[in-house]
Amino acid sequence: MLFNSIDFAFFLPIVFILYWFVTYKNLRFQNVLLLVASYFFYACWDYRFLFLLVFSTFLDYLTGLKIHEAESRKKKLFWLWLSISVNLGFLGVFKYYNFFASSFANALIHIGLKANLGTINVILPVGISFYTFHGLSYILDIYKNKIKPVRDFIEYSVFVSFFPLLVAGPIERATHLLPQIQKKRYFDYSKAIDGLRQILWGLFKKIVIADNCAEYANQIFNHSSDYSGSTLVLGALFFTFQIYCDFSGYSDIALGTARIFGIELLRNFAFPYFSRDIAEFWRRWHISLSSWFRDYLYIPLGGSKGGAWFKVRNTLIIFVVSGFWHGANLTFIVWGLLNAIYFIPLLLLNKNRTNLGIIAQGKCLPNFKEFLQMSFTFGITVFAWIFFRANSLEQAVNYISGIFSKSTFSIPEFTGSENFLSLVFLIFLFLIIEWVGREQQYAIAKLGLNWYKPIRWAIYYSLIFAIFYYGGKEQQFIYFQF
Amino acid sequence: MVEKNNNLFIFNFKMRRFLIYCSAFLGPIILTVLGLEFLLRNIPNDYSFKNGYLTKNSDRIQTLFLGSSHAFYDINPEYMHTISFNAAHVSQTLDLDFEILMKYKKHFSKLKNIVIPVSYFSLFEQLGKTDEYWRLKNYSVYYNIHTTNKIADYSELLSYSLKINLSRIDSYYFQGHSEISCSNLGFGLKHNSKNNRDLISSGPATAQRHTYRDLSLYNENLKILSSIIEFARKRNIQVFVFTPPAFHTYVKNLDTNQLNKTLSAMNELQKKHNNCFYFNMLSDSVFTAKDFYDSDHLNEIGAEKFTIRMDRLINNFRK
């Protein structure tokens with residue numbers, strides 16, 4: 001079931017009514033309801049993979065208890081590695097087996113040997129990367145004595161499978177989400193309204209901006225050899241807005257939905273395209289994944305404590321693994337590597353924590369320096385997205401060579417069409433709203449809250465009108481494939 | 001106890017406020033949505049027309065044409081000697097042909113012939129699994145045929161963007177333009193020879209679009225076709241299956257494996273069922289460039305020629 005489908009528009013109120021009216025008086029009933037709703041939500045996509053989710057949940061629940069109960073370190077380590085290897089084993093088989101098998105076979109061909117390891121024809125279970133990381137964070141926290149294991153299987157299952165975050169995050173931490181599942185939740189009017197507002201903004205980003213940008217980005221990337229350099233630039237820009245609005249739109253809907261049920265999820269995006277350097281960008285983009293890698297990979301590797309080479313090595317590992325997490329394709333690895341290359345100079349010059357605050361805080365516009373920094377960071381991000389979007393490294397290289405050609409100075413195609421102009425206008429409007437709301441949790445969190453109610457409602461109705469006006473076909477979210 | 005009652009009171013108060021707010025906000029939207037849905041459903045279209053025709057006249061029909069655009073645009077029942085009706089629609093697949101047949105099965109008292117195209121792609125697709133899946137709503141809304149459990153497939157408004165829907169409302173209610181694009185006997189009128197497309201360039205692209213990597217629906221579709229033939233046999237109805245004519249730029253670019261699978265399956269089917277007759281007209285030399293609208297559809301000139309031929313074939317087999 002997609003967040004942007006009409007089925008979800010029916011599913012959500014039904015669960016809401018059962019949650020607040022039928023099971024309100026009993027926390028356990030509420031959790032059972034959330035679990036059943038979450039499994040139903042997942043089964044709507046493909047019920048066959050539900051067993052994998054249940055198995056993974058049970059494994060982590062059990063190993064969590066075993067790690068806690070084990071008396072010796074050796075035993076703790078055994079249960080920890082059992083959980084890690086089974087979880088990553090599933091991920092490896094479903095997501096990476098074909099990539100490794102074909103890469104290995106190709107490598108052997110280069111040294112004159114032939115091997116046929118075969119490939120498996122299996123679809124990637126949706127959300128596997130997300131719920132695997134969920135479970136791993138729980139196990140690792142228990143191992144590090146940060147938390148105690150949960151005894152109630154239902155509570156733990158809701159932590160892993162809570163439907164708003166099940167298929168594309170945010171990647172939650174047990175320390176943050178589990179206490180909310182374990183204690184009684186009270187209906188909060190203002191939070192529920194805020195949740196609805198965030199859902200509305202998420203839908204606008206996904207249906208109006210991302211899906212419309214996707215039409216141009218797909219057309220240009222899929223036929224990149226047919227287009228001029230200037231059109232290719234346009235294609236990269238459209239993809240830049242598509243991926244941001246698609247993924248952050250999803251996160252907004254997830255956070256808003258959870259808030260309606262009295263649960264706060266981790267923030268996943270904080271206006272990343274207004275970043276002044278790439279370090280700031282990574283503190284603002286897919287925050288739950290970046291912090292996951294920081295806490296469970298970068299810090300255990302030694303973090304930034306060692307010498308320069310040590311820092312560079314750890315940074316490279318983090319970015320390459322992050323790239324690889326997105327998919328079994330060299331394009332993602334190069335995307336990660338490229339971001340590491342952007343990041344390392346800041347790290348070596350100790351400037352990676354220069355821009356911690358919000359750009360132009362309390363001001364209307366950025367100063368000239370901030371504007372230049374922001375434009376530069378945006379530019380190199382757009383460049384890196386080309387690798388992320390391309391189907392192969394070869395296509396990415398050709399795409400970039402197309403951009404650096406004489407035709408870059410020609411007038412791009414599509415610019416005359418009415419659809420193109422209206423999309424550019426919408427992106428421009430969207431950027432203004434994002435800029436104005438950049439000090440809030442999401443762009444329209446406080447927009448018009450002190451205004452006369454009919455005006456505020458008119459804004460919401462306009463967003464809904466735009467969603468219906470540009471909607472139609474339900475488009476899948478990009479991050480479902482990861 | 002007092003605290004518990006207080007909590008409940010606060011909950012009731014906040015929840016009531018929330019529900020009132022939501023109802024006040026969503027009320028106008030729901031009313032608008034219902035109003036628009038009503039307006040859209042009342043725009044006459046090919047589906048509502050054909051459903052209406054079949055409801056009224058299925059007991060008169062002697063020859064029924066089913067299938068995709070390859071029947072919709074290629075067969076004009078006007079040139080048939082029997083009372084005929086073209087119940088084909090663009091992108092209609094075998095599973096939906098079967099459903100339409102089943103819907104009116106009790107009323108086809110005079111039906112003698114069923115004619116179905118099995119094109120190069122027919123055995124490998126079902127509408128719900130193609131990019132054209134949004135057309136499914138036409139069957140649930142107008143034919144009352146339910147093959148999907150997606151809510152959007154039961155609504156006109158939710159199947160297109162509001163942008164398109166508003167222009168449809170404007171076009172019908174304010175400009176007076178009809179959405180019906182077929183004749184009184186169900187023949188598609190849009191493929192006029194005055195607007196023929198480029199036959200050379202459209203061929204390879206269309207052939208590629210019709211070529212499937214995933215052939216997993218083959219057995220299921222074959223089973224559906226067999227069920228249609230079996231249904232007909234029990235009622236002494238003959239089934240004429242044909243592979244429609246196409247221009248050489250299309251035919252040359254077809255995948256041999258996919259094509260051979262179709263042709264051999266059809267020959268097998270003909271052997272197996274004595275009420276089934278198969279004609280492969282894919283490369284029929286009778287049809288020249290002027291008969292084609294595009295590389296895989298005939299125009300009205302070609303359709304006339306093709307229908308007359310089909311009529312003769314049916315008559316010959318009947319004799």
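Biologist: What distance separates the centres of domain 1 of chain A and domain 2 of chain A?

Modeller: The domain bounds, which come from an automatic or database domain assignment, are 6–185 for domain 1 and 190–276 + 355–481 for domain 2. Taken over C-alpha atoms, their centres are separated by 29 Å.

Biologist: What should I know about numbering and confidence before reading on?

Modeller: Residues are numbered from 1 along each chain as its sequence is written, while chains are lettered from A and ligands numbered from 1 in the order in which they are written. This is a predicted model, in which local features need pLDDT of at least 70, side-chain atom pairs count only at pLDDT 80 or more, and totals for chains, interfaces and linings use all residues.

Biologist: What is the mean pLDDT of chain B, and what does the model score?

Modeller: The pLDDT is the predictor's confidence in each residue, from 0 to 100. In chain B, 96% of the residues reach 70 or more, and the mean is 92. The model scores ipTM 0.78 and pTM 0.86.

Biologist: Which helix gives the most to the side of domain 1 of chain A that touches domain 2 of chain A?

Modeller: Two residues are in contact if their C-beta atoms, placed from the backbone, lie within 7 Å, and this contact takes 15 residues from domain 1 of chain A and 17 residues from domain 2 of chain A. On the domain 1 side, H1, H7 (163–166) and H8 (174–182) of chain A each supply at least two residues; helices (H or I, at least four residues) and strands (E, at least two) are DSSP runs, numbered from the N terminus. With three residues, the most comes from H1(A).

Biologist: Which helix supplies the largest share of the side of chain A that touches chain B?

Modeller: The contact takes 18 residues from chain A and 18 residues from chain B. Helices H1 (6–22), H9 (189–222) and H18 (453–470) of chain A each supply at least two residues of the chain A side. The largest share, five residues, comes from H18(A).

Biologist: How many residues of the side of chain A that touches chain B are nonpolar?

Modeller: Ala, Val, Leu, Ile, Met, Phe, Trp, Tyr, Cys and Pro count as nonpolar, Asp, Glu, Lys and Arg as charged, and the others, Gly among them, as polar. On this side three residues are polar and three charged, and the nonpolar ones number 12.

Biologist: Is A:Gly471 buried or exposed?

Modeller: A:Gly471 lies in the segment after H18 of chain A and, not counting residues up to four places away in sequence, touches A:Ile207 and B:Ser161. A residue is buried if 20 or more other C-beta atoms lie within 10 Å of its own, exposed if 12 or fewer, and partly exposed in between, with C-beta atoms placed from the backbone. A:Gly471 has 22 such atoms within 10 Å, so this residue is buried.

Biologist: Why is strand E3 of chain B largely enclosed by the rest of the structure?

Modeller: B:Asn113, B:Val115 and B:Pro117 point one way from E3(B), and B:Ile114 and B:Ile116 the other way. E3(B) (residues 113–117) is largely enclosed because its buried residues number five of five.

Biologist: Which residue of E4(B) stands opposite B:Ile116?

Modeller: Two strands pair if DSSP finds at least two bridges between them. E3(B) pairs in the parallel sense with E4 (residues 238–243) of chain B over five bridges, and six of the six residues of E4(B) are buried. B:Pro117 stands opposite B:Phe242, and B:Ile116 stands opposite B:Val241.
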